[in-house]
Amino acid sequence: MPKVKLEYIWLDGYEPVPNLRGKTQIKEFDSFPKLEQLPMWGFDGSSTRQAEGRTSDCMLKPVAVFPDTTKKNGVLVMCEVMMPDCKTPHPSNSRATILDDPDAWFGYEQEYFLYKDGAPLGFPPGGGFPPPQGEYYTGVGYKNVGCIAREIVDTHLDLCLDAGINHEGINSEVAKGQWEFQIFGKGSRSAADQMWMARYLLMRLCEKYGVDVNWHCKPLGNTDWNGSGMHANFSNSLLRECGSKGVYEQVCKAFAPVIKEHIAVYGADNHLRLTGKHETQSIDKFSFGISDRGASIRIPIATVENDWKGWLEDRRPNSAADPYKVAARIIETVKTAEVPELEPVNGRNGKHFAMK
């Protein structure tokens, strides 16, 4: 029986932004282990801000499993944190309490900066700034992307694909040293599990390059440099099949009364990023529009051209946001939309929705 290296990965109790943690145990399996075969495992919660020293035990409950091709017989195990009774979710466990809807699909656009020696890759050593934004977005060449960033992001792409993560693409972003990757999943928990695992793989990969991943939404502060978001593209059967501009407008309007509720879970320090500049709407305003990257919610032109069958993009979640919380809040709001009463119909051209 082969000895399998199980890397248990979880979110700690730091606030407002949790950190990823991981530790490895060795078990024997006849083949690649299934989720139900993986045991719960304890850890010292007093060292992760999840318990006190006198009662420090917390438990890790496996919830998703991925192959780790960087190791012989390697397995990546995404976990929820549970109390010592192994039944009660820990207060820091955002995954256990969120709304989960298998019909809700999410595509996250994760922006981030690669940092070395306290500054983004490509910034002058000792301080100062490179030439202003302009050629960096989807840029090519050393002056735009440097000499190691592309190797990092291409390797990360391969690691995610090898792990079975629905990685859908990469590009350099508007600011120097800034990049983006996209993750897609069906169901709020599945999509978020994959996003957290993709973040983990990127951070672990960067260790060998002496580079850190900076997830902060505005690491360069109040300067004329873009911040980082985690734009959330979302749909359900209604949005994918309705074929109605009116339905889309009603779904968008449902977000207007709950600005504060969304901002509360869209990541720390978002007021630094959502200023109305650099392709954002102001944090205290709500707007939506077709192909409008300055709106709170963008209606993609692809949705319009597909006869109003597609998805919406909430551009407000920031790069450090917890995708579990983001997805749950979006699902909750979409369910309140006052849309015309529709029913599914199986027609000659497949499933669609029609007025009752």
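**Exercise 1. Work out how helix α2 and helix α3 pack in this predicted model.**

Step 1: Find the two helices. α2 covers residues 149–162, and α3 covers residues 188–206.

Step 2: Look at the geometry. The helices pack at an angle of about 135°, and their axes lie 10 Å apart.

Step 3: Angles over 145 degrees would count as roughly antiparallel, and 65 to 115 as roughly perpendicular. α2 and α3 are therefore oblique to each other.

Step 4: The crossing of α2 past α3 is right-handed.

**Exercise 2. Find which residues of α2 and α3 meet, and sort them by type.**

Step 1: Start on the α2 side. Here you'll find Ile152, Thr155, His156, Leu159 and Cys160.

Step 2: Switch to α3. The partners there are Ala198, Leu201, Leu202, Leu205 and Cys206.

Step 3: Sort the residues of this contact. Eight are nonpolar, two are polar and none is charged.

**Exercise 3. Explore the largest nonpolar core: which residues touch the most other members?**

Step 1: Get the overall picture. This core has 72 residues.

Step 2: Phe106, Tyr108, Tyr112, Leu114, Leu312 and Ile330 touch the most other members.

Step 3: Check which element gives the largest share. That's α3, with eleven residues.

Step 4: Zoom in on leucine 312. Leaving aside residues up to four places away in sequence, Leu312 touches several residues, including Phe234, Leu239, Tyr248, Val251, Ile297 and Pro300.

Step 5: Look beyond this core. Another one, of 14 residues, lies apart from it, and Leu6, Phe29, Cys58 and Leu60 are among its members.

**Exercise 4. Locate the cis peptide bond from glutamate 15 to proline 16.**

Step 1: Check omega. For this bond omega is near 0°, and the bond is cis.

Step 2: Proline 16 sits in the loop between β1 (3–11) and β2 (20–28).

**Exercise 5. Describe threonine 138 and serine 291: what is phi for each, and where are they found?**

Step 1: Take threonine 138. Its phi is near 55°, a positive value in a residue other than glycine. Threonine 138 belongs to the loop between β7 (119–120) and α1 (142–145).

Step 2: Move on to serine 291. Phi is near 60° here, again positive in a residue other than glycine. Serine 291 lies in the loop between β12 (288–290) and β13 (297–299).

Step 3: With a relative accessible area of 37%, serine 291 is partly exposed.

Notes. Residues numbered from 1 in each chain as written. Predicted model: local features only at pLDDT ≥ 70, side-chain atom pairs only at ≥ 80, totals over all residues. Heavy atoms only, no water. Axes fitted to C-alpha atoms, helices over the stretch in contact; angles between N-to-C directions. Helix = DSSP H or I, 4+ residues; strand = E, 2+ residues; numbered from the N terminus. Parallel < 35°, antiparallel > 145°, perpendicular 65-115°, else oblique. Left-handed = near helix turned anticlockwise from the far one by under 90°. Contact = heavy atoms within 4.5 Å. Nonpolar A, V, L, I, M, F, W, Y, C, P; charged D, E, K, R; others polar. Core = buried A, V, L, I, M, F, W, Y, C linked by side-chain atoms within 4.5 Å. Buried < 20%, exposed > 50% of the residue type's maximum accessible area, 1.4 Å probe, protein only.
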